[in-house]
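Q: I'm new to this one. Can you put it up and walk me through some of it?

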Amino acid sequence: MESANSMTQRVEYDDHVVRAFTLATTIWGAVGLLLGVIIATQLSFWQANLDTSWLQFGRLRPLHTNGAIFAWVGNMIFAGVYYSTQRLLKARMASDLLSWIHFWGWQLIIVAAAITLPMGLTQGKEYAELIWPIDIAVVVVWVVFAINFFWTLARRNERNLYVALWFYIATIVTVAVLYIVNNLQLPTSWTHSYSIFMGVQDALVQWWYGHNAVAFFLTTPVLGIMYYFLPKAAERPVYSYRLSIVHFWTLVFIYIWAGPHHLLNTALPDWAQTLGMVFSVMLWAPSWGGMLNGLLTLRGAWDKLRTDPVIKFFAVAVTFYGMATFEGPLLAIKSVNALGHYTDWIIGHVHAGTLGWNGFMTAGLLYWLVPRLWGTKLHSKRLADAHFWIGTFGILLYVSSMWISGVSQGLFWQALDAEGFLKFPDFIEGLTASHFMYQMRLVGGIAYLSGYLMLMFNVFATIRAGSPQKVTIEVAALPPTGLSFWRLIFSGPVLVSALVIGAPILLGISGVITGIVALVLLEVLVIGLVLHYGSRREERSWHDMIEAHPLAFTVLVLVAILIGGMVEIIPTVVATKDAPVQAMADTGNYDFVQRPYSPLELEGRDIYVSEGCYVCHSQMIRPFRHETLRYGEYSRLAEFIYDTPFQWGSKRTGPDLHRVGGKYANVWHYLHLNDARSTSPGSNMPRYNHLSREHVDFSHTRTKMQALRKLGVPYTNDDCEAAETTALSQAQLVIDDLSTQDVVLDPNSKMTALIAYLQRLGRGPQPIAPSLEELSQAGGH
């Protein structure tokens, strides 16, 4: 409200919503970490799955990842953003109502995830498992958050945007783009849908989202929090403003290109793999620039490491950020990725970032913020110090055990004897060798959780000792900036950047002669623009002006993140499903062209996804000798043209399944699913005996096939209408075969459907689209 002096106004910050997000962070953190300890226990001791479908590893692991990312770290981000934004802009959030809609909407989304994921209701894509009604809720709540944030920017009482706000803007804009594109889907019911992307398209879009969800939800907003709260805690200015500019723009532009490094050595086209690898390696520079900017901010304040637990947590968090962002590009190099991918090394890498970077930034933020929000001192610095050392021990034990296990697994899988054949052909042998490291991971996880429980006690004891505080300031009214949006958008630095970025893209799509001419012309234009704008003398720097114009700043961020996405995604998505088939026709080889799933196989695939089998099994055989010897012929792009969601996987706790069809008898699969130890001694796979009792509702199969038909799968009207009859006919073949082994199973049981799907995987040469009648006659043999 305005004071007596019309040139100033009194602003009271809305810290009520900050307190709410702070409490939510504290509580959800314990839940997410507890789930992590539970699934780590299940991997070490399979009996911990308790033979209960909704408590099994495949269902709890997505709940753990979503809880850690969106509930724990997400609420921390919102607490930090709401607190720092108001103070950096010297303005209250534009709408209290929108703030509270954001808070309660986000908590309801978390609760909905906690209910649906254990029920097996999932999309089956990592970090994007939530079913479509919840996805819509996420988008609505995110838009509410965005409106409130940008409305507050428009009402600010500070001319320029501080560096933390740059990262918040990048987060809000990019997460919206990523989440909407990756979750474009066609619903078949209130709890089920199919992605509009299939096969390699779905894989690329998913990891464009998955990698950048880490980048723009777990990294950029936390960097913004680092740039605000670390200088506050250290009582020192940011080390280098110029370095922060370089850090921000290079990180935002380069990060979006790096997603394909999750798909190296797969059926993804080589050009996309190469782009992902090159840009991932380039990430070393901006990532370490940010790390150094954070650590060097502590110059002159290193003595506080001895006395201030907040500085301890922040310093180690930034160090883990540096470690994780060194390891990520390293793993993106094809030769290193060939060793590390699908192993526990990836698990160690992910948790170094989550527990070290995100977790310790969260702890430092809470220890700094809670006393100020409740107007008191931290209950116990000694307890916070104990938390720091126990948590650090837990992280190091967790990560080192996964590094050792992961490298050992990679070497074990690759080992060949003197004749060039597998030295260790039994996959289970490698799993049992990792058992001790799995137990060490469990000890590290328990230690980290124990430290966090100390934080919970410390936080709630601090809150009890204090009371909610109101913060009011007097600020001068902000005069108009007088800056032109179009002048900033088409200014020299933007044009030079556009030309420098456009040159390699243009060269990549041009012929040799055209490319040389284009390169010369672009170089001349760049030199001319540099000379022209370099000779001008402005009273204010260009970046200073862009910081004072939030709309122009946001538009440039949007352009920066769209370039990489468009270059990688559009060529892959616009390619028709006929392209790989035509390529096979040109060579006369149809051996690796996928045919549509039969109704029973389709239902079995949905059960495979629902049970979370993809979190332990891959369906992608890489073109390495050791993999083809172990699993069969390497996977081709055309074999996945009707797969939605794609199931290539990212971790092999169990073997690859892409060519498992026909490898074992139906009864072997039945026994294995009921108790994996009966066929594979030493396995840590849960028992899926509930699938024999649960039934498939084939009345919905027609709707699923009709949806897939709209997406391009060549089902006919007759195929869709006869879905239930065809499914039961194929199921009868499966149970007739099982009955010869004295196994009694209902034809409409989930077990029957899943066995049919597994027997379908990688079944040799197939015609392009045989009739479903032929498929049902072939099923079960």
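A: The axes of α11 and helix α13 (residues 344-373) come within 8 Å and cross at roughly 155°. Axes are lines fitted to C-alpha atoms, for helices over the stretch in contact, with angles from 0 to 180 degrees between N-to-C directions. Helices are DSSP runs (H or I, at least four residues), numbered from the N terminus.

Q: So which way does α11 run relative to α13?
A: Roughly antiparallel, a label for angles over 145 degrees, while those under 35 count as roughly parallel.

Q: What classes of residue make the contact of α11 with α13?
A: There are 21 nonpolar, five polar and one charged. Ala, Val, Leu, Ile, Met, Phe, Trp, Tyr, Cys and Pro count as nonpolar, Asp, Glu, Lys and Arg as charged, and the others, Gly among them, as polar.

Q: Is this model predicted or experimental?
A: Predicted: local features need pLDDT of at least 70 and side-chain atom pairs 80 or more, while totals for chains, interfaces and linings use all residues. Residues are numbered from 1 along each chain as its sequence is written, and side-chain values use heavy atoms, without hydrogens and water.

Q: How do α11 and α14 cross?
A: Helix α11 (residues 309-331) and helix α14 (residues 381-414) have axes that come within 10 Å and cross at roughly 15°, which makes α11 roughly parallel to α14. Their contact (heavy atoms within 4.5 Å) includes Phe313 and Met323 of α11 and Phe388 and Trp403 of α14. By class, that contact has ten nonpolar, one polar and four charged residues.

Technical notes: Helices (H or I, at least four residues) and strands (E, at least two) are DSSP runs, numbered from the N terminus. Angles under 35 degrees count as roughly parallel, over 145 as roughly antiparallel, 65 to 115 as roughly perpendicular and the rest as oblique.
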